[in-house]
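User: I'd like to learn how to read helix packing, sheets and pockets in a protein model. Could you walk me through one?

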Amino acid sequence: MAFKIGIIGMGKIAHDQHVPVIRSSSEFKLAAVVSKRGVYPAGVPGFQTPGQLYSQLSEVDAVAICTPPSTHFDIAMEALAAGKHVLIEKPPTATTAELAHLEKEALRRRCVLFTAWHSQFNAAVEEARKRLAGRSIQSMNIVWKEDVRQWHPGQEWIWQAGGFGVFDPGINALSIVTTVLPEPIFVRSADLFFPSNRDTPIAARILFRSSGTQSSQFQAEFDWRQTEQQTWTIAVETMDGMRLQLTNGGARLEVNGKMISTEVPAEYQAIYRRFAELICRKESDVDSAALQLVADAYMLGRRIEVEPFK
């Protein structure tokens, strides 16, 4: 029997990923959509608010929250209070304290809370984790550069305080490295580049340190101003000489120059399989590591003003 799920927020990610994946899933049935703008997929009941959904369609088992991150906490709290299992798009909340409280609330309500870091669900990422397990890391370099106009057309919320700016895509890279590296990493310093007319950064450079090695060659470069080929690469070198590279956002893995894993991205199919498993087992899956690194980058970061974004 499929779980009945409602989508809250009908933006680009819901339209491109959640709706088609749920409709093709055997574990879930798309039962409703909540959209303040009144954007509803054909044949699916639509509501203006989550409260209307819960009162008029109480048999819904779960919700997928696909609104801007600054709204996630209140929406998730309302869903948990209504007894619904909750999947939250990345970034899961605007602050680490909010996420910690949601985890406690889900436990108290005996509901499932799932932070869906989609980049972690590439098969190449899991293979990289296995190959790096137990090894000492010499260096790690993230290069995550893309065109904001292509991936966030007309979305003003990303430029407002709490909208994450370039960390909205950059946090995907951090969710990968916190999964594959055998030891935690910590922010050492950060340069954050803010357009003079925006509240969030358009680019960032971060230096990290690792708990497992004295090497200082751990860094990340995020940039939203790349207009040609988009770059989503993570390179890792171990102390014993293994060179590992994840490209295409984590979908392709090379080890010592040899292609090991390449696949058509199927992240959201894997996400919904995982969500169904969690509901059946009545277990939550809450990962705060990438969000903590972003918070620490803001805490330690140096603000550098750059030209306005228009």
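Analyst: Happy to; we will take the helices, then the sheet, then the pockets. This is a predicted model, where local features need pLDDT of at least 70 and side-chain atom pairs count only at pLDDT 80 or more, while totals for chains, interfaces and linings use all residues. Residues are numbered from 1 along each chain as its sequence is written, and side-chain values use heavy atoms, with hydrogens and water left out.

User: Thanks! How is the packing of α3 and α4 described?

Analyst: Two packed helices are described by the angle between their axes and the distance between the axes. Helices (H or I, at least four residues) and strands (E, at least two) are DSSP runs, numbered from the N terminus. Axes are lines fitted to C-alpha atoms, for helices over the stretch in contact, and angles run from 0 to 180 degrees between N-to-C directions. Here α3 (residues 72–81) packs against α4 (residues 96–109) at about 5°, and their axes lie 10 Å apart.

User: Which residues of α3 and α4 make the contact?

Analyst: Contact means heavy atoms within 4.5 Å. On the α3 side these are F73, A76, M77, L80 and A81, and α4 brings E98, H101, L102, E105, A106 and R109. By class, that gives seven nonpolar, one polar and three charged residues. For the classes, Ala, Val, Leu, Ile, Met, Phe, Trp, Tyr, Cys and Pro count as nonpolar, Asp, Glu, Lys and Arg as charged, and the others, Gly among them, as polar.

User: Now the sheet: what is the order of its nine strands?

Analyst: Two strands pair if DSSP finds at least two bridges between them. The sheet is open, with mixed pairing, and its order is β14-β13-β12-β11-β7-β10-β9-β8-β15. β14 (258–262) and β15 (301–306) are at the edges with a single partner strand each, so one side of each has no neighbour in the sheet. From one strand to the next, the twist averages 15°.

Within that sheet, β8 (residues 185–195) and β9 (residues 203–210) are antiparallel over eight bridges, and L192 is opposite A204 in β9. β9 is also joined to β10 (residues 217–223) by six bridges, again antiparallel, with I206 opposite A220 in β10. Four bridges pair β11 (residues 231–238) with β12 (residues 243–247) in the antiparallel sense; there, I234 faces L246 in β12.

User: Which strands does α7 lie across?

Analyst: α7 lies across β7 (137–145), β8, β9, β10, β11 and β12, and runs at about 155° to β7.

User: And how many residues line the largest pocket?

Analyst: On a 1 Å grid over the protein atoms alone, a pocket is an open set of points with protein on both sides within 12 Å along at least five of seven lines, where a 1.4 Å probe fits; lining residues have an atom within 4 Å of a point. Grid points are joined across faces, edges and corners, and a volume is the space filled by probe spheres set on the points. The largest pocket holds about 1300 Å³ of space. It is lined by 46 residues, with K12, I13, H152, Q155 and W157 nearest its centre. The largest share of this lining, four residues, comes from α1. The lining divides into 18 nonpolar, 17 polar and 11 charged residues.
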